[in-house]
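Please look over the sequence and the model shown here before reading on.

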Amino acid sequence: MRRRWTAILAAIVAIALVPSTTVPARAATPITTAIYTADPAALVVGNTLYLYTGHDEAPAGGTNFVMRDWHVYTSTDASTFTDQGAKLSLSNFPWAGGDAWASEVEPRNGKYYWYTSINGNGPGWMNIGVAVGDSPLGPFTDAKGGPLISDSTPNSSPLNIDPTVFTDDDGQAYIYWGSYYGLRAAKLRPDMINLDGPVVTPSGVSNFWEAPWMFKRNGTYYLAYAANDSGCSQPGYACVRYATASNPMGPWTQRGVVLDQVTSTTNHPAIIEFNGQWYMVYHNAGAPGGGNFRRSVTLDKLYWNADGTMQKVAQTTTPIGGGGGGQPPAGTNHALTATASTSYVSPWETLGAIKDGFVPSSSADHSHGAYGNWNRQGTEWIEYQWPSARNLSKVATYWFDDDQGIDLPASCQVQYWNGSAYVNVPGQSACGVGANTYNITTFNQISTTRLRLNITSRTGYSTGVLEWMAL
């Protein structure tokens, strides 16, 4: 049943294993390190957040997915998670042949429908099945006795995986799925286990690869998905793009990248609001011994702009429970004893705010003042000066973004005074421009009396800083 896909699968695996020299170094704290987890879906019921995950079981050094069941994790604070165990497995589907890939759970009429990606025993390769249970933790049983979607479904995707199901305010449910650039959508009947009408190919979803996630906010429909394109990721890796629409079947309008590539080649989003805070749930290779086939589910806070667009998610190394937009890095902050200066600060802003030691809750938190240079564009700078030399090897920058004229910068560069001129610090790591977090930049240790941060704006915007630490 797999022969006609062998060449395609081999090509995809080859792409995923392309060596890279600039894989992101940061990886958020996994929800568990006891097992490897992947392909998350999120559901809120009452005061509990449920994460439904795949289970990676590939051996160390393995070069293919080994996935046979799905786990459920629960949390009441989005910080600590309890593994409720494997609540669904291939053995629950008599028609399954292998490959317990991405899934999602959707409630309806007091029941919970678990849509899964399964390699069936019939012709073709991957299918979408559905199980049903009376609670978010089941027990779950096969609801249909065969695939909901398969290669025999008219206009099905080139690879029928990664279902996302959304129920609108009027009770109509929709399913989106697909891979190999083949996004598909259909309505579901009220029984949630049969399609209601033809399968369509949604329009306007640029650079779709796989892993769609659909939801609604303030009357607007959102579709996030994994994308493979040079505008957002290296060859063989994926970022998460998103699009919006005024109708659940589209047409869709591309809005940009909400999550950069991660430390695994694959990327898989779930976006959820829980206790008044939005989160991006995703996977990476961040757990000890992790890799492309031994992934780990994690989550970070997601923030919105006033116009309904999403700010790019900052991939952090601190647990969600660490508070605010993450805790500052450890070490002696020499900024506290420095004199600050700048090329320009707006008259109503506060340069001294960059070194007051306040921990912001987000990039929009200017409750303790902020440095901003509106309406300047291009490159501006902020600077620290000390009466005697300081030994430094790291800075941490928390950017200011007021959702108006001040935006995250396009780039930045750390420089120091060598006694006669400003020069770039040696061995500088990437100068991060992420929102809602401390962007840590390391470099070879220097001894200097002056340190400068050059900040280059995005076109049409100015820049700002809430905290700039020198360590």
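## Strand E14 and its partners

Strand E13 (residues 220-227) pairs with E14 in the antiparallel sense over seven bridges, where two strands count as paired if DSSP finds at least two bridges between them, and where helices (H or I, at least four residues) and strands (E, at least two) are DSSP runs numbered from the N terminus. Within this pairing, Tyr 221 stands opposite Ala 245 in E14. E14 is also joined to strand E15 (residues 253-259) by five bridges, and these two run antiparallel, with Thr 253 in E15 as the bridge partner of Thr 244.

The model is a predicted one, in which local features need pLDDT of at least 70 and side-chain atom pairs count only at pLDDT 80 or more, while totals for chains, interfaces and linings use all residues. Residues are numbered from 1 along each chain as its sequence is written, and side-chain values use heavy atoms, with hydrogens and water left out.

Seven of the seven residues of strand E14 (residues 239-245) are buried, so the strand is largely enclosed by the rest of the structure; buried means under 20% relative accessible area, exposed over 50%, and partly exposed in between, with a 1.4 Å probe and protein chains only. Cys 239, Arg 241, Ala 243 and Ala 245 point one way from E14, whereas Val 240, Tyr 242 and Thr 244 point the other way, and all are buried.

## Trp 114 and the cores

Trp 114 lies in strand E6 (residues 111-120), and at 0% relative accessibility it counts as buried.

Which residues touch the most other members of the largest nonpolar core? Of its 59 residues, they are Leu 51, Trp 114, Ile 271, Met 280, Leu 302 and Met 310, a nonpolar core being a set of buried Ala, Val, Leu, Ile, Met, Phe, Trp, Tyr and Cys residues joined through side-chain atoms within 4.5 Å. Strand E17 (residues 277-284) gives the most to this core, with five residues. Apart from it lies another core, of 27 residues, among them Tyr 416, Val 425, Leu 451 and Ile 455.

## Aromatic rings

A search of the whole structure finds 24 aromatic pairs, where rings of Phe, Tyr and Trp (its six-membered ring) pair if their centres lie within 6.5 Å, with planes under 30 degrees apart counted as stacked, over 60 as edge-to-face and the rest as tilted. The ring centres of Phe 93 and Trp 95 are 5.7 Å apart and their planes are at 70 degrees, so this pair is edge-to-face, and both residues are buried.

The rings of Trp 278 and Trp 304 are likewise edge-to-face, because their centres are 5.3 Å apart and their planes are at 75 degrees. This pair links distant parts of the chain, with Trp 278 in strand E17 and Trp 304 in the loop between strand E18 (296-302) and strand E19 (339-342), 26 residues apart. Both Trp 278 and Trp 304 are buried. Trp 114 returns here as well, in one aromatic cluster with Tyr 50, Tyr 52, Trp 70 and Phe 140.
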